[in-house]
Amino acid sequence: MSEIFEMRRPDDFHLHLREARMLNVVSSYLRPFGRALVMPNTNPPILDAGNVRRYRNNILKASHPYSFEPLMTIQIVEGTRPGTVFEAKEAGAVAGKVYPRGMTTNSENGVLNYRAIYPALEAMQKCGMRACFHGESPDPDVFCLDRETRFLKILKEIAHVFPGLKIVLEHVTTAKAVECVTELPGNVAATITVHHLFLTLDDVVGGKLHPHHFCKPVAKRPEDRAALREAAMSGNPKFFFGSDSAPHLRQDKECASGCAGVFTVPVALSLLVEFFERYGTLNRLEDFCSSFGAEPSGLSATSGWCRRHTTASSRSARARKLPGGWNNPRAFSLGAGHKIGAIFLRFLRLGGSRPCSRLRYPIKTFEISKIDLVE
Ligand SMILES: [Zn+2]
């Protein structure tokens with residue numbers, strides 16, 4: 001018996017593509033995605049219209065010949081002028097990204113005083129640009145597990161001052177953030193990553209340190225993960241997919257002072273399909289990935305479809321293939337001896353593990369769907 005699952009080609013509303021050689025390698029995994037909101041915390045950062053045009057051209061070159069549309073962003077810093085926002089919008093940027101200072105990769109120029117960016121937020125409200133927040137308090141005295149919750153006060157104030165601003169709280173990790181976004185008016189939404197649907201803090205530091213599961217905001221408690229899962233599968237249009245796939249060189253992850261970021265884009269869609277299917281909510285996946293994020297921005301649905309064709313024999317073939325396939329992608333080569341850090345290995349490992357066994361469906365039963373693009 002065979003089954004076909006088909007969905008509209010998805011969007012990824014939070015993606016790190018990096019630059020240069022890493023951009024070229026990461027772009028080769030974008031094929032299932034029609035569009036992605038590309039994060040601006042490159043080195044150097046994307047701060048104005050000129051940067052947006054240059055970076056967009058580089059992405060299009062790297063993703064050629066796939067039909068992929070990068071949705072561009074600029075980073076909003078305390079010195080961003082309203083004129084810079086309007087020019088960036090003119091150059092094709094659809095969103096501004098706000099980082100808390102020093103809290104994640106390349107955020108040394110991030111925001112400490114949120115009122116200092118009000119002129120930029122006002123300009124974004126005026127021209128219909130989305131404001132995306134890495135929602136953690138920039139106060140280094142706030143305990144790391146409390147930073148997202150402490151940011152919610154800032155979020156509420158911004159939502160109150162700018163009722164016409166389209167606000168996205170990125171990569172939510174706590175039940176409190178889910179509750180807050182649910183209760184705030186319709187202009188406030190949130191993205192959910194694939195790794196936060198799977199991980200808790202146990203998977204990062206509960207046993208031996210697992211640097212490839214370390215990201216910001218760090219995965220939290222099982223009850224927080226349960227709230228994220230419920231929100232992702234709820235059919236509430238305030239919650240949509242943003243992978244926050246964030247590659248780093250392997251030596252920058254596996255070292256004494258490792259970088260934050262989980263590189264998921266090669267397996268993100270496959271994992272989502274398997275995940276929603278396990279919970280009997282596959283009929284909600286297309287909204288989560290392909291429409292809830294696009295509609296409020298006035299973006300039309302992506303063209304093209306993704307298809308998974310499953311037969312009983314292909315299922316068992318995939319399961320058998322895991323140990324030699326995705327189970328051991330120790331790293332992705334960048335050439336010249338450089339490699340991107342291995343991904344998500346425990347998710348894909350056959351045999352299970354202690355933290356995973358707490359899931360309703362043990363991770364060991366998850367497969368990697370082969371998703372084909374239907375042009
Ligand atoms: Zn990110």
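## Helix α5

Helix α5 (residues 147-161) consists of 15 residues and spans 22 Å from its first C-alpha to its last, close to the 21 Å expected at 1.5 Å a residue. Here the expected span is 1.5 Å times one less than the number of residues in the helix, and helices (H or I, at least four residues) and strands (E, at least two) are DSSP runs numbered from the N terminus. The model is predicted: local features need pLDDT of at least 70 and side-chain atom pairs count only at pLDDT 80 or more, while totals for chains, interfaces and linings use all residues. Residues are numbered from 1 along each chain as its sequence is written.

At lysine 153, α5 bends by about 25°; the bend is the angle between axes fitted to the seven residues ending at a residue and the seven starting there. Arg147, Glu148, Thr149, Phe151, Leu155 and Ile158 of α5 are buried. A residue is buried if 20 or more other C-beta atoms lie within 10 Å of its own, exposed if 12 or fewer, and partly exposed in between, with C-beta atoms placed from the backbone. The packing partners of the buried α5 residues are α4 (118-127), β6 (130-134), β7 (167-170) and α6 (175-183). Contact is taken as two C-beta atoms, placed from the backbone, within 7 Å.

## Overall make-up

The protein has 14 helices and 13 strands. Of its 375 residues, 49% count as buried. Among contacts between residues at least 6 apart in sequence, 70% join residues at least 24 apart.

## The parallel sheet

An open sheet is formed by 8 strands in the order β2-β3-β4-β5-β6-β7-β8-β9, with parallel pairing. Its edge strands are β2 (11-15) and β9 (239-241), each of which pairs on one side only. From one strand to the next the twist averages 30°; axes are lines fitted to C-alpha atoms, for helices over the stretch in contact, and angles run from 0 to 180 degrees between N-to-C directions. Two strands count as paired if DSSP finds at least two bridges between them.

Strand β4 (residues 69-75) runs parallel to β5 (residues 93-98) and is joined to it by 4 bridges. In this pair, isoleucine 74 stands opposite glycine 96 in β5. Strands β7 and β8 also run parallel, joined by 3 bridges, and valine 168 stands opposite alanine 189 in β8. In β8 (residues 188-192), 5 of 5 residues are buried. Val188, Ala190 and Ile192 cover one side of this burial pattern and Ala189 and Thr191 the other, so both faces of β8 are covered.

## Nonpolar core

The largest nonpolar core has 90 residues, of which Val38, Leu169, Val181, Ala190 and Leu272 touch the most other members. Such a core is a set of buried Ala, Val, Leu, Ile, Met, Phe, Trp, Tyr and Cys residues joined through C-beta atoms within 7 Å. Helix α11 (residues 268-278) supplies the largest share of this core, 7 residues.

Leaving aside neighbours within four places in sequence, valine 38 is in contact with Leu15, Leu17, Ile59, Pro70, Leu71, Met72 and Thr73.

## Backbone exceptions in loops

One runs from asparagine 43 to proline 44, with omega near 0°; proline 44 lies in the loop between β3 (35-38) and α2 (49-63). Another runs from lysine 216 to proline 217, with omega near -10°, and proline 217 lies in the loop between α8 (202-206) and α9 (222-232).

Arginine 18, not a glycine, has a positive phi of about 60°. This arginine 18 is placed in the loop between β2 and α1 (20-27) and is buried, with 23 other C-beta atoms within 10 Å. Histidine 171, likewise not a glycine, has a positive phi of about 35°. Histidine 171 is in the loop between β7 and α6 and counts as buried because it has 26 C-beta neighbours inside 10 Å.

## Glutamate 122

Glutamate 122 lies in helix α4. With 15 other C-beta atoms within 10 Å, glutamate 122 is partly exposed. Leaving aside neighbours within four places in sequence, its contacts are Pro82 and Phe162. Glutamate 122 and glycine 164 are 42 residues apart in sequence, and their C-alpha atoms are 9.2 Å apart in space.
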